[in-house]
Amino acid sequence: MNWRIFDYLSRPRAFVAMAVFLLLVGLAAVLPEDLLAQDGTQETAENAVSGDAMRGEKVFRKCKACHTVEKDGRSRIGPNLWGIVDNAAGAVEGFKYSKALIERAEAGLVWDVESLDAYLRKPREFLKGGKMTFGGLRKEQDRLDVITYMREEGAKE
Ligand code: HEC
């Protein structure tokens, strides 16, 4: 055993250097997890409050070919989506929904964050036989943002 290491560590500067080194090692072990936690992909649907309505408005451009979101907006290829978040599916009057969606609506489907997240991820998988011909939003953050945007628009009269 080389005792000189203890002599070395008993010097104040060496001690501080050692302490800084250990701190950095500790940080390196903790940081990647922190960074991951900030990345939207690690978040669950319940965290939708962390969605960004401004970003969501941009994401919604993909939906605009078929949907309006303002109050009393017209239905296009898809139904008007005003107030859709936390409300019953299949409820827009005069829109001709698919049989698949009507059945799910009758079974009590509500478009909450969780079901919207699943539907928007893969519309055809969530609703087999549904007629929303949209590929889906692959990124979870995009889904959370667009849901937050629709929630905010739905709160406007
Ligand atoms: C190509 C046209 C098209 C695009 C693009 C599209 N949708 Fe749809 N959407 C539809 C149709 C058609 C329906 C009706 C589905 C059915 O009856 O099975 C629908 C239904 C819905 C419903 C259920 C409405 C209700 O009243 O129950 C939601 C929610 C929805 N779409 C959200 C979105 C969002 C958000 C986007 C963009 C990310 C989007 N859609 C993109 C055509 C589209």
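Analyst: Helices (H or I, at least four residues) and strands (E, at least two) are DSSP runs, numbered from the N terminus. This is a predicted model, in which local features need pLDDT of at least 70 and side-chain atom pairs count only at pLDDT 80 or more, while totals for chains, interfaces and linings use all residues. Residues are numbered from 1 along each chain as its sequence is written.

User: Where is aspartate 72 found, and why does aspartate 72 count as exposed?

Analyst: Aspartate 72 is found in the loop between helix H3 (53-59) and strand S1 (87-88). A residue is exposed if 12 or fewer other C-beta atoms, placed from the backbone, lie within 10 Å of its own, partly exposed in between, and buried at 20 or more; aspartate 72 has 7 such neighbours and therefore counts as exposed. Although it is not a glycine, aspartate 72 has a positive phi of about 60 degrees.

User: What makes aspartate 86 count as exposed?

Analyst: Aspartate 86 has 12 C-beta neighbours inside 10 Å, so it counts as exposed. This residue also belongs to the loop between H3 and S1, and its phi is positive, near 70 degrees, in a residue other than glycine.

User: Which elements make up the protein, from the N terminus on?

Analyst: The order is α-α-α-β-α-β-α-α-α, which gives seven helices and two strands.

User: What is the mean pLDDT of the protein?

Analyst: With pLDDT being the predictor's confidence in each residue, from 0 to 100, the protein has a mean of 86, and 81% of its residues reach 70 or more. Over residues 36-48, however, the pLDDT is below 50.

Note on methods. Two residues are in contact if their C-beta atoms, placed from the backbone, lie within 7 Å.
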